[in-house]
Amino acid sequence: YLGSRSFLRDVGGFQCDGSLVPTRAKDKDNANAKMACLSPLRHDMDFANLGDITNMIAVDQVGVLSTENTFYVHDSSSTYYSDGVLSNILTGLSSDDWSITAASAGAIPPSPLSSLIQLTGGTVGGVVLAGYDQTYADGSFYMSHMDSTKRSSIQLKSIAQAATIVARTALAAAYGDNYNGDAADIIAELDKDDETFTDLTRCLFSYGSCDLLAKYANMERANRKAITDSDYGIGASLGNPPNYYVSVYDWRNGQAFVTVDGVAYGSYSSDEKEYGDNANDQFFLVPNVLENSIYGLLNDYLGRGSVDSNGDVPASLKSCSSTKDCGSVDYCQSTSSDQAICTGSKVCVCSRAHFHLALDEAIIPAPNNRTGAFVISDDDKGISPMYTEPYWGADIGVHMYRDSGDAGDWTILIGSAVAIGSVVATMFLTKRLKKESLY
C-alpha cells in the first residue's frame, strides 16, 4: 500500500511552497482552470476537494480464501464509528452462499487503513475486508514475486463477490441513518462470468497486452494529447505474463513533471525563470498502460451516474470517437473536475478518476532537477523505512581492466601445470642426488 500515507497527508492539509499555478500556463485567465503546485510538485490539486475522511474500507487478499465462501471483517474500532456500523453493515450482507464474519485476530492487518489510523491518532478508522482471519491464507504468497496464477489458484468468484460486498457497503454507509437495507436491490451481484470482469482478470493475471487495456490506454492517450498538445505514447506495457515491477521512478514510469521554458523538472522553485512567462509551460503526467487503462475504466463506470441540467438521469449516453464529440452533453458540469470525456467504450461520461503519486512521504522530487532525482523531505518524521534503487556515480571508485580473452585462461592452466611439474621434478632429482651422495 505504498503511497497511502502521502495521499492521506495531502488530503488532510497539503502545503504548497508558493502560490498555486494553472496546469497550463495558457489558462492563467480561465477562472475554471485546473490548478497545480510547483514545489513539492503536484500535477493537479483535485485531491484538496475530497473533504474530511470519516472512514475507510480496505480490501486485502480476497482472491485466495482461508475458509471456503467466507470473508472476515477486521474492525479498527475507531471512535467515529464506535458502534461498529461498518462491521454491522458488512456482516449483515451475509447470505446462504457467502459468510461475512467478524475476525478474531484482535488487530487490523497491514493496509492503507493502518496509515489512516496512525495519521489521525485513531480518531478515524474503518475496516479491512479480507479472506483470512488470524493468519494469511495458505498458498497466497502474500504480495511477493511469488504471486502468480501458475503457483496459486485465484478464485474469481470470491473476487466478484467481494466487489459486490464493498459496493453495497459503501452505498449503505453513504445513506447513514436513512439506510433501509435495500443496497442488495439497488446494486446487483457481480457475476464471475461477466464479460468485462473476465476480460479484466485475464489482462491482470495472464495476458497484459490484452485488447481491453490497450483500448482504454489509447483513448486516455488521445485525451491527454487533446489537453497538452503533446503525445508521449501510452507508457510501458504490462507485458506477458503481466509484470508489476515498478521500475525506476521517473517521467517514463509515472512521475509527474513540469516544463518551464522548454526544460522539464521533477519539481521547480527557481526564480531565474518564472513559470508562465512562456505560454507553453505546463504540467505533464505519462502513466503506463496499466495506470492509463484503470484510470479510463474508473472514469467509464463512475462517470455514468450523472444527471442532466434538469436533474434527470440521461436516458442514454452520447456516443463518441474522441472527447471533442462530448462538448455538447448536458449531463456533466463544465468544471475541470467534472468535464465530459470520451472513454474506451466510446461513450461520453463525466470525469471521476484522478492520479496521485504513490511515493513515500519522506521522499520528494529534488527541486530544479530532472525527474528521477529525489531528496529527503525536511518534514520527514522517520516513521517508515525507505527502499530505493539508487543511481551510482561515476566517481564511486570502479577500476577497469582490459579483457585478455580466452588466451589468458590457457596461459594460467599451462603455467600452473609447468609449475607443478617443476616442483615434482626438483623433489625427485634432489632425492636421487642424495642417494648417490652427490648432494
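Start by selecting C326 and C348: both are buried. The model on your screen is a predicted one. These two cysteines form a disulfide, and their sulfur atoms are 2.1 Å apart. Look along the S-S bond of C326 and C348. The torsion about that bond is about -85°, so this disulfide is left-handed. Now colour the chain by secondary structure. C326 sits in the loop between α8 and β10 (340–342), while C348 belongs to strand β11 (residues 348–350), so the bond ties together parts 22 residues apart in sequence.

**Stop 1: the whole protein**

Zoom out before going on. The secondary structure amounts to nine helices and 13 strands. Of the 439 residues, 36% count as buried. Among contacts with a separation of 6 or more, 68% are accounted for by residues 24 or more positions apart.

**Stop 2: the other disulfides**

How many disulfides does the structure hold? There are five. If the bonded cysteines are counted along the chain, the pattern of the disulfides is 1-2, 3-4, 5-8, 6-9, 7-10.

Select C16 and C37 next. A disulfide joins C16 to C37, with an S to S distance of 2.0 Å. Is this disulfide right-handed or left-handed? The torsion about the S-S bond of C16 and C37 is about 95°, so the disulfide is right-handed. C16 lies in the loop between α1 (4–13) and β1 (21–22), and C37 lies in the loop between β2 (35–36) and β3 (55–60), so the pair ties together parts that are 21 residues apart in sequence. Both C16 and C37 are buried.

Then move to C203 and C210. The sulfur atoms of C203 and C210 are 1.8 Å apart and form a disulfide. Here the torsion about the S-S bond is about 115°, so the disulfide of C203 and C210 is right-handed. Are C203 and C210 buried or exposed? Both are buried.

**Stop 3**

Select helix α7 (residues 211–228) and helix α8 (residues 289–302). In general, two packed helices are described by the angle between their axes and the distance between the axes. For α7 and α8, the axes come within 8 Å and cross at roughly 85°. Angles of 65 to 115 degrees count as roughly perpendicular, so α7 is roughly perpendicular to α8.

Show the side chains where the helices meet. On α7, the contact is made by L213, Y216, A217, E220 and R224. On α8, it is made by V289, N292, S293, Y295, G296, L297, D300 and Y301. Colour these residues by type: the contact of α7 with α8 divides into seven nonpolar, three polar and three charged residues.

**Stop 4: T343**

Where is T343? The place of T343 is in the loop between β10 and β11. Its relative accessible area is 1%, and T343 is buried. Leaving aside neighbours within four places in sequence, T343 is in contact with Y216, M219, D300, C320 and V349. Two of these residues, Y216 of α7 and D300 of α8, also take part in the contact of the two helices. Now find S345. The side chain of T343 makes a polar contact with the side chain of S345, at 2.9 Å.

**Stop 5: S237**

Select S237, which is found in the loop between α7 and β7 (257–260). Which residues does S237 touch, not counting residues up to four places away in sequence? S237 touches S209 and V289. V289 is one of the α8 residues that make the contact with α7. The C-alpha atoms of S237 and L213 are separated by 9.5 Å, and the two residues are 24 residues apart along the chain. Next, look at G239: the side chain of S237 reaches the backbone nitrogen of G239 at 3.1 Å.

**Stop 6: A130**

A130 is buried, with a relative accessible area of 0%. Show what surrounds this residue. Not counting residues up to four places away in sequence, A130 touches D60, Q61, V62, F71, Y72 and H74. Take H74 from that list and draw a distance from its C-alpha atom to that of A130. The separation of the two C-alpha atoms is 7.6 Å, although A130 and H74 are 56 residues apart along the chain.

Conventions. Residues are numbered from 1 along each chain as its sequence is written. This is a predicted model: local features need pLDDT of at least 70, side-chain atom pairs count only at pLDDT 80 or more; totals for chains, interfaces and linings use all residues. Side-chain values use heavy atoms; hydrogens and water are left out. Axes are lines fitted to C-alpha atoms, for helices over the stretch in contact, and angles run from 0 to 180 degrees between N-to-C directions. Helices (H or I, at least four residues) and strands (E, at least two) are DSSP runs, numbered from the N terminus. Angles under 35 degrees count as roughly parallel, over 145 as roughly antiparallel, 65 to 115 as roughly perpendicular and the rest as oblique. Contact means heavy atoms within 4.5 Å. Ala, Val, Leu, Ile, Met, Phe, Trp, Tyr, Cys and Pro count as nonpolar, Asp, Glu, Lys and Arg as charged, and the others, Gly among them, as polar. Buried means under 20% relative accessible area, exposed over 50%, partly exposed in between (1.4 Å probe, protein chains only). A disulfide is a pair of cysteine sulfur atoms within 2.5 Å. A polar contact is a pair of N or O atoms within 3.5 Å; within protein, one must be able to donate a hydrogen and the other to accept it, and residues adjacent in sequence count only if both atoms are side-chain atoms.
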